[in-house]
Amino acid sequence: MDRKWESAIFESTKGQWAIFPGLCKGCGLCIEKCPVKCIGWSDGLGVYGTPRVDADMEKCIVCGICQLVCPDCAIRVEKKK
């Protein structure tokens, strides 16, 4: 199996945030647009060998803005009911 397509999943009581390193090109739009600044650069690399992102779920409000602005659909956000 090609590991670059596996997601990195971050969870909290509010919901789940996932990044797909095989799709993330490291553009940083999600970091720029996050209203609570919970997204930052990861030590892991994305598809082009550029840094990918991850989320601090202690701060994340699971609003989904990062998912909406990602041009490569590399982020998935699911809010818990």
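This is a predicted model: local features need pLDDT of at least 70, side-chain atom pairs count only at pLDDT 80 or more; totals for chains, interfaces and linings use all residues.
Me: OK, and how many residues of β2 are buried?
Reply: Strand β2, which covers residues 15-19, is mostly covered, since five of its five residues are buried.

Me: Which way do they point?
Reply: G15, W17 and I19 point to one side of β2, whereas Q16 and A18 point the other way, and all of them are buried. In a regular strand the side chains alternate between the two faces of the sheet.

Me: Which strands form the sheet, and in what order?
Reply: Three strands make up an open sheet in the order β1-β2-β5, with antiparallel pairing. β1 and β5 stand at the edges with a single partner strand each, so one side of each is left without a neighbour in the sheet. On average, and ignoring direction, neighbouring strands of this sheet are turned by 15 degrees against each other.

Me: How many bridges does β2 have to β1?
Reply: Strand β1, residues 8-11, pairs with β2 in the antiparallel sense over four bridges, and F10 stands opposite W17 in β2. The two strands form a hairpin, with three residues between them.

Me: And how many join β2 to β5?
Reply: Five bridges join β2 to strand β5, residues 75-79, and these two strands run antiparallel. In β5, R76 is the bridge partner of A18, and K79 is that of G15.

Me: What is S12 in contact with?
Reply: Leaving aside the neighbours within four places in sequence, S12 is in contact with M57 and K80.

Me: Stepping back, what pattern does the whole chain follow?
Reply: The protein chain has two helices and five strands, and read along the sequence the pattern is β-β-α-β-β-α-β. Among contacts between residues at least 6 apart in sequence, 50% join residues at least 24 apart.

Me: What is the radius of gyration?
Reply: The protein chain has 12 Å, which agrees with the value near 12 Å that a compact globule of 81 residues would have. Along its principal axes, the C-alpha trace spans about 30 × 30 × 20 Å.

Me: And what about the surface?
Reply: The protein chain exposes about 5000 Å², of which carbon and sulfur atoms supply 54%, and 37% of the 81 residues count as buried.

Conventions
Residues are numbered from 1 along each chain as its sequence is written. Side-chain values use heavy atoms; hydrogens and water are left out. Buried means under 20% relative accessible area, exposed over 50%, partly exposed in between (1.4 Å probe, protein chains only). Two strands pair if DSSP finds at least two bridges between them. Contact means heavy atoms within 4.5 Å. Axes are lines fitted to C-alpha atoms, for helices over the stretch in contact, and angles run from 0 to 180 degrees between N-to-C directions. The radius of gyration is taken over C-alpha atoms; the globule rule is 2.2 Å times the number of residues to the power 0.38. Accessible areas come from the Shrake-Rupley method with a 1.4 Å probe; for residues, only the protein chains shown count as cover.
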